[in-house]
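My notes follow in the order I took them.

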2 protein chains.
Amino acid sequence: MRCRVCTSRAAVEVRRHNAAFCRDHFIDHVVRQVERTIHEFDMFDHTDRLVIGVSGGKDSLALWDILHRLGYRCEGIYLDLGIDAYSTESGEYIERFVKERDLILRVVDLQDAYGFTIPQAAESTRRSPCSACGLSKRYILNEEALKGGYDALVMGHNLDDEAATLFSNVLNWSVEYLARQKVVLPASDGLVKKVKPLVRVAERETAAYAVLSGIDYEVEECPMVAGNTVNRMKEWMALLEHRSPGVTQHFLGGFYKVGSFDAAPPVLRSCESCGRPTTGERCAFCRLQELATRS
Amino acid sequence: MRCRVCTSRAAVEVRRHNAAFCRDHFIDHVVRQVERTIHEFDMFDHTDRLVIGVSGGKDSLALWDILHRLGYRCEGIYLDLGIDAYSTESGEYIERFVKERDLILRVVDLQDAYGFTIPQAAESTRRSPCSACGLSKRYILNEEALKGGYDALVMGHNLDDEAATLFSNVLNWSVEYLARQKVVLPASDGLVKKVKPLVRVAERETAAYAVLSGIDYEVEECPMVAGNTVNRMKEWMALLEHRSPGVTQHFLGGFYKVGSFDAAPPVLRSCESCGRPTTGERCAFCRLQELATRS
């Protein structure tokens, strides 16, 4: 196989684009996909101060690298979840990445700042580890982005992540979740603007990008991920994608275009503990924190 | 395994209901699922004159048998598609079924009545055989139901058929198709009321029902079905159902409940050839017929 651009020997095949690329043109291709997404959804511009939530995995580090290449002003936040060696190692990958590129990173240690770890939260609540983790990440990344006065919080969800979440929401016809599943969530009182510039890049493409760009990342999956619903949906979508290359992007892109789930936004008030927006009296994070720190 | 009702030896397991049944109680279970669907969606009552489109396969014959058991007044229409031995055999299964039960059947021969067969239509148009067949069936069954003055046209689509179609429509976000995918399509000018009482019964359950009820049906798949999209979707949904029994019904049932695709109905006018409702000048069936009978 030959590179679509320069006809030299190809390093990566992208079946859903019916194309192959050499190392340099593949990197270029991915960077342009991200740039196109940023422009198409009017996500941010070069005057904005951005912050990206980084986990140490391929997606967030690849995306940070791409934003850096494109000249955006983007800092990082790493939330140490307290998942033993996995969290320590993930933090080390990020530290190396940041040093090599002279980037700015904030680190929040869940145990130090909030008094619990994800394994503790999973044990002391009825939530699955992934649910406790997702809730904590959403809350704390928003908190840090607001404190830092950033214009937008950037998330590294890739095409497969978003399509699998969409798929799960459609299987359940969760109209509220479908209404909130947007590529740009505008800022509102107590909530920072949130954007997902990686939704046009498939998981294997971010992995290839990271490898070919020399980004060293945490390849191990989180040890607590067993039974994760989105992962199950991903495996299932991968079977369909294998038979019909492009169907995943067609499905996700079609959803963004249709946008017919504009359910009435929930009525929000201030959490009586932390003051952040919530639908109940106390927000889900404060309730999680109370249970996880009780013992 | 033991029957859930009488604890005698079970003949059929229904994993998605976490149940097993002996022959008689399985038949009873399926009949009750159909009865429940008829009532829940207020499809028809015992005073209505019904007509069912029968293909000679398990679904339509099982459904006709169930409606007969439940005491509904239901006649049948068989459309001979002209697919060689397959159509001849299918017709013979229906004839036997009808004789045994002393039911009334109308037979329409596509070649005699409209001058073409499905293989001819597929050859002379750009449509796939399944698309030409679906279009012809929809048109002619509606036509016959109107001519016969029936109150409703009953279709034998089962749970897996409907879920696979829904799935395909969702993958493409075909909002118009989603808006029309209903379990009851009310009558309108030139269109008979259409109902699908089998949407709570899975494909393997209608097959088991037919076998256990002694219904002899065409087990061969149509020889022209290769590449059918809905079949591909069915295979794919079956993988998910295998891992999460009940997900197919959850998906389809949730869609009926949400019903949020009430797109504006298309503006219809009368086809300049046949006078039936269409969005263009001539309806798709008249155009198909013209091409298929040209040579």
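Helices (H or I, at least four residues) and strands (E, at least two) are DSSP runs, numbered from the N terminus. The model is predicted; local features need pLDDT of at least 70, side-chain atom pairs count only at pLDDT 80 or more, and totals for chains, interfaces and linings use all residues. Residues are numbered from 1 along each chain as its sequence is written, and chains are lettered from A and ligands numbered from 1 in the order in which they are written.

**Sheet of chain B.** I looked up the strand order. Chain B has an open sheet of six strands, ordered 5-4-3-6-8-7, with mixed pairing. Strand 5 (105–109) and strand 7 (184–185) of chain B each have a single partner strand, so one side of each lacks a neighbour in the sheet.

I then took the pairs. Strand 4 (residues 73–80) of chain B pairs with strand 5 of chain B in the parallel sense, over five bridges. There, I77(B) stands opposite R106(B) of strand 5. Strand 3 and strand 4 of chain B run parallel, joined by six bridges. L50(B) has C74(B) in strand 4 of chain B as its bridge partner. From strand 3 the chain passes through helix 2 to strand 4 of chain B, a right-handed β-α-β crossover (clockwise from the first strand over the helix to the second, with the strands pointing away from the viewer).

Is strand 3 of chain B enclosed or open? Five of its six residues are buried, so strand 3 of chain B is largely enclosed by the rest of the structure. Buried means 20 or more other C-beta atoms within 10 Å of a residue's own, with C-beta atoms placed from the backbone.

**A residue in chain A.** I picked Y209(A), found in helix 9 (residues 203–212) of chain A. Y209(A) is buried, with 27 other C-beta atoms within 10 Å. Beyond neighbours within four places in sequence, Y209(A) is in contact with I27(A), V30(A) and A62(A). Contact means C-beta atoms, placed from the backbone, within 7 Å.

**Where the chains meet.** I found 14 residues of chain A in contact with 14 residues of chain B. Helix 11 of chain A gives the largest share of chain A's side, five residues. That side has 11 nonpolar, three polar and no charged residues. Ala, Val, Leu, Ile, Met, Phe, Trp, Tyr, Cys and Pro count as nonpolar, Asp, Glu, Lys and Arg as charged, and the others, Gly among them, as polar.

Note on methods
Pairing = 2+ DSSP bridges. Buried ≥ 20, exposed ≤ 12 C-beta atoms within 10 Å, placed from the backbone. Contact = placed C-beta atoms within 7 Å.
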